[in-house]
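Hi everyone, thanks for making time for this. Please have the sequence and the 3D view open, and let's walk through them together.

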Amino acid sequence: MKKQKAIIRDILRSRILRFKRIVPRFVRGNKAVLLAEEKAFEEIVLALKKARKSINVEMYIFKDDEAGRKIAMILKQKSREGVRVNILYVAWGSVTTYSEFFEGLRQAGVVVAEHNNHNPI
């Protein structure tokens, strides 16, 4: 439990720091590109493959489907290469994903933390 709380704290801290670095850049002449569906997925895969030191992933829905398995495969490989990999996923959003999917990530050295673990019903 302490490890999961530390992971959540680290991910939130990294999001705050990233936000602080990004905000000043939104000035006249700058632009943001909204990527959708396949292009967004391609960019995510590319970014994960380029990681050298650490990967922090926050997922609302992490499914054991084609896309989820591809992401999981890359995360496992990066962990085996010595990259520090942390995943924070939302329990409710990933309710249909079996625990074996996440256990496979853990066995490859990925730190997996579940967030919002409660029954909304």
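An axis here is a line fitted to C-alpha atoms, for helices over the stretch in contact, and angles run from 0 to 180 degrees between N-to-C directions.

A word on where this comes from: it is a predicted model, in which local features need pLDDT of at least 70, side-chain atom pairs count only at pLDDT 80 or more, and totals for chains, interfaces and linings use all residues. Residues are numbered from 1 along each chain as its sequence is written, and side-chain values use heavy atoms, with hydrogens and water left out.

Back to our helices. α3 passes α4 in a right-handed crossing; a crossing is left-handed if the near helix is turned anticlockwise from the far one by less than a right angle, and right-handed if clockwise. Which residues in α3 and α4 meet? On the α3 side they are Gly68, Arg69, Ala72, Leu75 and Lys76, and on the α4 side Phe101, Gly104 and Leu105. Contact means heavy atoms within 4.5 Å. The residues of this contact of α3 with α4 divide into 4 nonpolar, 2 polar and 2 charged. For that sorting, Ala, Val, Leu, Ile, Met, Phe, Trp, Tyr, Cys and Pro count as nonpolar, Asp, Glu, Lys and Arg as charged, and the others, Gly among them, as polar.

Now turn to the other partner of α3. Helix α2, residues 37–50, packs with α3 at an angle of about 10°, their axes 10 Å apart. That makes α2 roughly parallel to α3. Here the crossing of α2 past α3 is left-handed. From α2, the contact uses Phe41, Ile44, Val45, Leu48 and Lys49, and from α3 it uses Ala67, Lys70, Ile71, Ile74, Leu75 and Lys78. Those residues divide into 8 nonpolar, no polar and 3 charged.

Let's zoom out for a moment. The protein chain has 4 helices and 3 strands, and from the N terminus on its elements run α-α-β-α-β-α-β. Helices (H or I, at least four residues) and strands (E, at least two) are DSSP runs, numbered from the N terminus. Buried residues make up 29% of the 121 residues, where buried means under 20% relative accessible area, exposed over 50%, and partly exposed in between (1.4 Å probe, protein chains only). Among contacts between residues at least 6 apart in sequence, 79% join residues at least 24 apart.

Next, the aromatic rings. Rings of Phe, Tyr and Trp (its six-membered ring) pair if their centres lie within 6.5 Å; planes under 30 degrees apart count as stacked, over 60 as edge-to-face and the rest as tilted. By this rule there are 4 aromatic pairs. In one of them, Phe62 and Phe101 have ring centres 5.1 Å apart and planes at 90°, so they are edge-to-face. Phe62 lies in the loop between β1 (54–59) and α3 (66–80), while Phe101 is in helix α4 (residues 99–107), so this pair ties together parts that are 39 residues apart in sequence. Are Phe62 and Phe101 buried or exposed? Both are buried.

In another pair, Tyr89 and Phe102, the ring centres are 3.9 Å apart and the planes at 5°, so this one is stacked. Tyr89 sits in strand β2 (residues 84–90) and Phe102 in helix α4, so the pair links parts 13 residues apart in sequence. Tyr89 and Phe102 are buried too. Put together, Phe62, Tyr89, Phe101 and Phe102 form one aromatic cluster.

Ser94 lies in the loop between β2 and α4 and counts as buried, at 3% relative accessibility. Leaving out residues up to four places away in sequence, Ser94 touches Tyr60, Ile61, Phe62, Tyr89 and Phe102.

Last stop: Asn86, found in strand β2. Asn86 is buried, with a relative accessible area of 4%.

Methods: Parallel < 35°, antiparallel > 145°, perpendicular 65-115°, else oblique.
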